[in-house]
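Please consult the sequence and the model alongside the text.

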Amino acid sequence: MRTSITPLYFIPTTLPKSDHHCLASLSTRSFRALGFRVFAAAVSEQRKTPSISKPPKTPFPSPTASIPTPSPAANENPPKTKKVLVPIGFGSEEMEAVILVDVLRRAGAEVTLASVEQRLEVEFSGGTRLVADAFVSACSDQIFDLIALPGGMPGSARLRDCKILQKMTSKQAEEKRLYGAICAAPAVTLLPWGLLRKKKTTCHPAFIDKLPTFWAVKSNNQVSGELTTSRGPGTSFEFAISLVSQLYGETAAKEIKDSLLVNDSGSHKKEEFNEVQWSLDHTPQVLLPVANGCEGIDIVTTIDILRRAKASVVVASVEKSTQILASQGIILVADKLINAAAEITYDLIILPGGVGGAERLHKSRVLRKLLKEQQIGGRIFGAMCSSSAILQRRGLLKDKKATAPESVLSKESNVVDGAQVVIDGKVIANKGLASATDFGLAIVGKLFGHSRARSVAEGLVFEYPRA
């Protein structure tokens, strides 16, 4: 039987030691609401807390590490913390759930990821495993400013069959508080509950015919009174930012978009240099090393997209536990530890971003050896966001063009301005969190061809170039 787990948080080193005992008594949810940055392992309540080294004094720079600091005037009257519930079940869509939680927490919301199952660890539709903060039953007596349902199948049906969640969401609608759903959830979950009456609604194209014809729309994001609906994983950022705008206002939503490096131009610019073939005569074997502090969005987006394309993806922890505390307090469970994963050779190694995670990945001797062997063997490797700095520090970007958030790579680097994704030979990099989908689809295109990438993009409801 699996035991429930609780994340262990580091007390920020900027606080006086005399204040540490006060913070130690705060709950997990209070830490998140206060916006503390956490880079620590999620551990079992029934095990002794393992010792974890402190984050480096000079971590890798990354503009996505935090949202802009409010002005002094804003601090005098800080906005009321908004409470948000994101319920999940077996088979929920991981990109939608993680992007929702991540973006809303960046905005300052107190988000509870709640399981409708009998255990907190939940396996998603793409095989990713996350650990919820609480059971839905433990949240039933609380009032939330927003209840937002991720889609996915059979996850949407699992949410639909949860009577406690149905009662909570129905009350939310009756009392005119915000609620929303994405992908399959509007049609599979909200419609049977009677919560779409006289509401313009959108959902995943595969389920649009289940909606009442007069009220169904094909927009990526639809706001109808207190209800907000969206189409799929590829529209998750738009969905989440729309909810931020409704909770905190347009200014806050713009700050979040800027911090995530959201591209409003509608173009998905990819540049390639020294083009070589990546196609293989076997199922691509992909290694995704993860560490405390890595970006959850990078991790789940890469897993989801590559597994949809039928690549074999191994998620390996460089920590002492397979449980990883990703950015924004999201707990993920890796497939295995890095030592076990290193027993085979991989066609592709991808490093997820995240300022704290990048430093911890860089310190892994096993990973350093794997990357060096990858380069010597002429195999493919890549980095997302701030992890491009790892490749640079290991000398793996020498004479290579790349991209990254501003200030991550040194001035003498061959940084390609304006590109979301850059490929140079057998090296690939992307600029920021909001281009994680472009990054994943670019890999699919190189490994499997353009038609496979387009097919995956259509399933995500993500605009992808025809040529």
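Leu261 counts as partly exposed, at 25% relative accessibility; the class covers values between buried (under 20% relative accessible area) and exposed (over 50%), with a 1.4 Å probe and protein chains only. The model is predicted: local features need pLDDT of at least 70, side-chain atom pairs count only at pLDDT 80 or more, and totals for chains, interfaces and linings use all residues. Residues are numbered from 1 along each chain as its sequence is written, and side-chain values use heavy atoms, with hydrogens and water left out.

**Overall architecture**

- The chain comprises 16 helices and 23 strands; helices (H or I, at least four residues) and strands (E, at least two) are DSSP runs numbered from the N terminus.
- Of its 467 residues, 56% count as buried.
- Among contacts (heavy atoms within 4.5 Å) between residues at least 6 apart in sequence, 71% join residues at least 24 apart.

**Backbone features**

- Leu261 has a positive phi of about 60 degrees although it is not a glycine.
- The loop between α9 (250-260) and β12 (270-273) holds Leu261.
- Gln328 is another non-glycine residue with a positive phi, near 60 degrees; Gln328 lies in the loop between β15 (323-325) and β16 (331-333).
- Gln328 counts as buried, because its relative accessibility is 17%.
- Met153 and Pro154 are joined by a cis peptide bond, with omega about 5 degrees.
- Pro154 is found in the loop between β8 (146-149) and α5 (155-160).

- Asp102 is placed in helix α4 (residues 94-106).
- With 0% relative accessibility, Asp102 counts as buried.
- Leaving aside neighbours within four places in sequence, Asp102 is in contact with Glu295, Ile297, Ser327, Gln328 and Ile330.

**Helix packing around α15**

- The axes of helix α15 (residues 436-448) and helix α16 (residues 450-460) come within 7 Å and cross at roughly 145 degrees; axes are lines fitted to C-alpha atoms, for helices over the stretch in contact, and angles run from 0 to 180 degrees between N-to-C directions.
- The crossing of α15 and α16 is right-handed; a crossing is right-handed if the near helix is turned clockwise from the far one by less than a right angle, and left-handed if anticlockwise.
- On the α15 side, Thr437, Leu441, Val444, Gly445 and Phe448 take part, and they meet His450, Arg452, Ala453, Val456, Ala457 and Leu460 in α16.
- By class, this contact of α15 with α16 has seven nonpolar, three polar and one charged residues; Ala, Val, Leu, Ile, Met, Phe, Trp, Tyr, Cys and Pro count as nonpolar, Asp, Glu, Lys and Arg as charged, and the others, Gly among them, as polar.
- Helix α10 (residues 296-308) also packs with α15: their axes come within 9 Å and cross at roughly 35 degrees.
- The α10 and α15 crossing is right-handed.
- Asp298, Thr301, Ile305 and Leu306 in α10 meet Ala436, Thr437, Gly440, Leu441, Ile443 and Val444 in α15.
- The contact of α10 with α15 divides into six nonpolar, three polar and one charged residues.

**Cysteines**

- The structure holds zero disulfides, a disulfide being a pair of cysteine sulfur atoms within 2.5 Å.
- The sulfur of Cys183 has its closest cysteine sulfur in Cys203, at 8.2 Å, which is too far for a bond.
- Cys183 counts as buried at 7% relative accessibility, and Cys203 is buried with a relative accessible area of 0%.

**Aromatic pair**

- The structure holds one aromatic pair; rings of Phe, Tyr and Trp (its six-membered ring) pair if their centres lie within 6.5 Å, and planes under 30 degrees apart count as stacked, over 60 as edge-to-face and the rest as tilted.
- Phe214 and Trp215 form this pair in an edge-to-face arrangement, 5.1 Å centre to centre with 90 degrees between the planes.
- Phe214 counts as exposed at 70% relative accessibility, whereas Trp215 counts as partly exposed at 28%.

**Lys398**

- Lys398 is placed in the loop between α14 (388-393) and β20 (401-402).
- At 66% relative accessibility, Lys398 counts as exposed.
- The C-alpha atoms of Lys398 and Asn414 are separated by 8.8 Å, with the two residues 16 apart along the chain.
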